[in-house]
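This briefing concerns the structure shown below. It is arranged by topic for readers who wish to follow each point in the coordinates themselves.

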Amino acid sequence: MMNLPKLKFKSKLALFNALSKIIIVTALLFIVPWIVGEITIRDTDDLLIRKLDQVIELVDSLGIDEYINMDAEIKAFGSYNILKEEFIAIEQLDKDTSIDVIEYSQRIIDNELVEYRVLSYSIVKNGNSYLIEIGRSITTINRFEQNLKRFAFLFLLLIILITFIADVSFIQYLLNPFEQIVKKLKNTNHPSSFDYTTVNTKTHDFAYLDETIQGLMHKIEDAFNNEREYISNVSHELLTPISIIQSKLDNILSDKTIPDTDLLKIMDSKHTLGRLTKMVRTLLMMSRIENEEYLLTEKVNLNTIVNNVAEEIEDKIEAKELELKISLNNSIQAINGNENLLFILIYNLINNAIRYTQKGYIKIETALVNQRVVLIVSDTGIGILPENLPHIFSRFRNFSNQKDSFGLGLALAKKICDYHKIEIEVTSKIDQGTAFTLTFKK
Amino acid sequence: MRVLIVEDEKGLAAEIKEFLVKEEFNCDLALTGKEASDLIAINPYDFILLDIGLPDYNGLDLIKEAKRSNSEAYFIVITARGELEDKIKGFDLGADDYLAKPFSLLELLSRIQAITRRKFGHQSSIIQFGNFALDTIKKHLEFDNKAIDLTKKEYKLLSYLVLNKNRVLDRLQLTEHIWGEFYEDDYDSNYIDVHIKNIRKKLSEFDETNWIKTVRGIGYKFEIE
């Protein structure tokens, strides 16, 4: 199968229309000259017959003697105009024969051979037979035929042009609702942002398509909301039992008679419970972001957040004997967003960088690129395998053997970015480091 | 000190009560908003611990009610939602602090103590150990009137240990107190050790006493007679 380029539906229709018209025109190119020829001959013949009638009328009223001198040796009459376009001739026939034909024939007039269409007709007058010949020169006929042909072609061309334009605009008009439906789908990056207004169309198929898509979007939205609510409810409901267990463990720990071995086991349980708590809280926060429960109306200074995060995370940098490099552009403008979420976003990115960096430095930069605020968190850590790069923002993906991480930090970071419409990009080289680039919207 | 615990979750309410009774608080328990409303109307409380998510009562309404009959009471709002909006509303209505579920009972105690210190003013705001003086209002540490430079976290950690003196604080309780509800991915409480090491170093420059004892496998204890 040949690989044809994919064309738009309307282009295909227009192409088909144009092709069919070309076929028709080619056919007409062969037929029209023939028709025109036929028409001209018939026209010429009619003209000749009409002239014959006039001549007969004249002969009847004026008498044949008016044209033919009975005493002359040559009993004939001839008349032609100087351009030799036409001639009329009357001559006496020797024999009594009846002639009535129209044919092409050549005549010599003034020593010039001219091609004529000639009508020959015999009449009987005063007991004699006469032959009347009326001729029209082929050149004249051809000129007329040429004119007719030219006109016919022009007319044809005009018709084709008009119908083609009409076709294209009609197809465009017909397909307009379809394009609107596609546009609506394209503008939908979240089921809740789908535009449910009905597309205005009188075409049943498109109305049906629109209706079907709307139904589908409703279903998707419901499923989406259910899942969202489910996560939110589950997380919420989990926090109370966790709280009970934690309080019980706290009360047990405050009993001073418990042997050390049991204390350690309880500590272990507390540790596990702590992990569970963080996990549930993170999931809950993610579902709250999905529910758009956070306001994005705060004016946030990114540099201040970076400094706060740096202060907060200082001890981790110190504990791993890393260096924290901070390079801030003071001319960046304040961003509209949620300060708490942005703090968590930057904290998680830096925390993640620290976790995967054993030696070297973590670098945080803010800059202005094309008038947009950019924040880069880079490290000199172990890097991410190229095949893992597309999955680093997925929930519960953990590509290292780190036991104390459960793979929600970057998923949460991505959620916060999406919520703020921040573009997040990752580049990484194994054993050289990873860089996260955040580009804020204008 | 009289405390009212308003919590619809029986198991949790019982644990809070058990803990606070051990800490010599006089505790009443209300498992529904209606019960709480009745108790508030007749008893004077110093503290009201209120779970905002009561099934039968709007927790915020309960605060309004209590403010009328128990104007001296302090409120600590407990929430499973931790929602920002509830937080703000709670503070507007006069809640003095809030705790998101799950919280450690020790953290609850330390919040109560903090409010108490605020309530009773300056006389109890300075805690002495050896020649050190910890000022919980100004949030700094002195040795013979000489200020000791502590980072924010070091101060927080030390004061938490000092305020809960002679009690073993496990690493998780310390982590929770310092980092709060941080949404960090990992759950590594070993950074506490780094801070303790630094605090010990700073204290040892002035005093040979080993104030902070390590309790193996569990955490730390601030020892003072």
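The model is predicted. In it, 48 residues of chain A are in contact with 43 residues of chain B. Chain A itself comprises 442 residues, with seven helices and 12 strands.

**Extent of the interface**

- Between them, chain A and chain B bury about 4,200 Å², and carbon and sulfur atoms account for 54% of that area.
- On the side of chain A, the residues that lose the most area to chain B are A:Asn251, A:Lys278 and A:Arg281; together these three make up 16% of what that side buries.

**Polar and charged links across the interface**

- Five salt bridges are counted between chain A and chain B.
- A salt bridge joins A:Lys270 to B:Asp170, with 2.9 Å separating the closest N and O atoms.

- Five helices of chain A each supply at least two residues to the side that touches chain B: α3 (204–253), α4 (260–290), α5 (302–319), α6 (339–355) and α7 (409–420).
- Helix α4 of chain A gives the most to this side, contributing 14 residues.
- By residue class, the side of chain A that touches chain B consists of 17 nonpolar, 16 polar and 15 charged residues.

**Fold of chain A**

- Buried residues make up 39% of chain A.
- Of the contacts in chain A between residues at least 6 apart in sequence, 66% link residues at least 24 apart.
- Strands β11 (residues 423–429) and β12 (residues 433–439) of chain A pair in the antiparallel sense, with seven bridges.
- Within this pairing, A:Val426 has A:Phe436 of β12(A) as its bridge partner.
- Three residues lie between the strands of the β11(A) and β12(A) hairpin, where A:Asp431 adopts a positive phi near 65°.

**A:Thr282 in helix α4**

- A:Thr282 is located in helix α4 of chain A, the helix that gives the most residues to the side touching chain B.
- Why does A:Thr282 count as buried? Its relative accessibility is 3%, and the term applies because this value falls under the 20% cut-off.
- The side chain of A:Thr282 reaches the backbone oxygen of A:Lys278 at 2.6 Å; A:Lys278 is also among the residues of chain A that lose the most area to chain B.

Conventions:
Residues numbered from 1 in each chain as written. Chains lettered and ligands numbered in written order. Predicted model: local features only at pLDDT ≥ 70, side-chain atom pairs only at ≥ 80, totals over all residues. Heavy atoms only, no water. Contact = heavy atoms within 4.5 Å. Buried area = accessible area lost by both parts, 1.4 Å probe. Salt bridge = Lys/Arg side-chain N within 4 Å of Asp/Glu carboxyl O. Helix = DSSP H or I, 4+ residues; strand = E, 2+ residues; numbered from the N terminus. Nonpolar A, V, L, I, M, F, W, Y, C, P; charged D, E, K, R; others polar. Pairing = 2+ DSSP bridges. Buried < 20%, exposed > 50% of the residue type's maximum accessible area, 1.4 Å probe, protein only. Polar contact = N/O pair within 3.5 Å; in protein donor to acceptor, adjacent residues only side chain to side chain.
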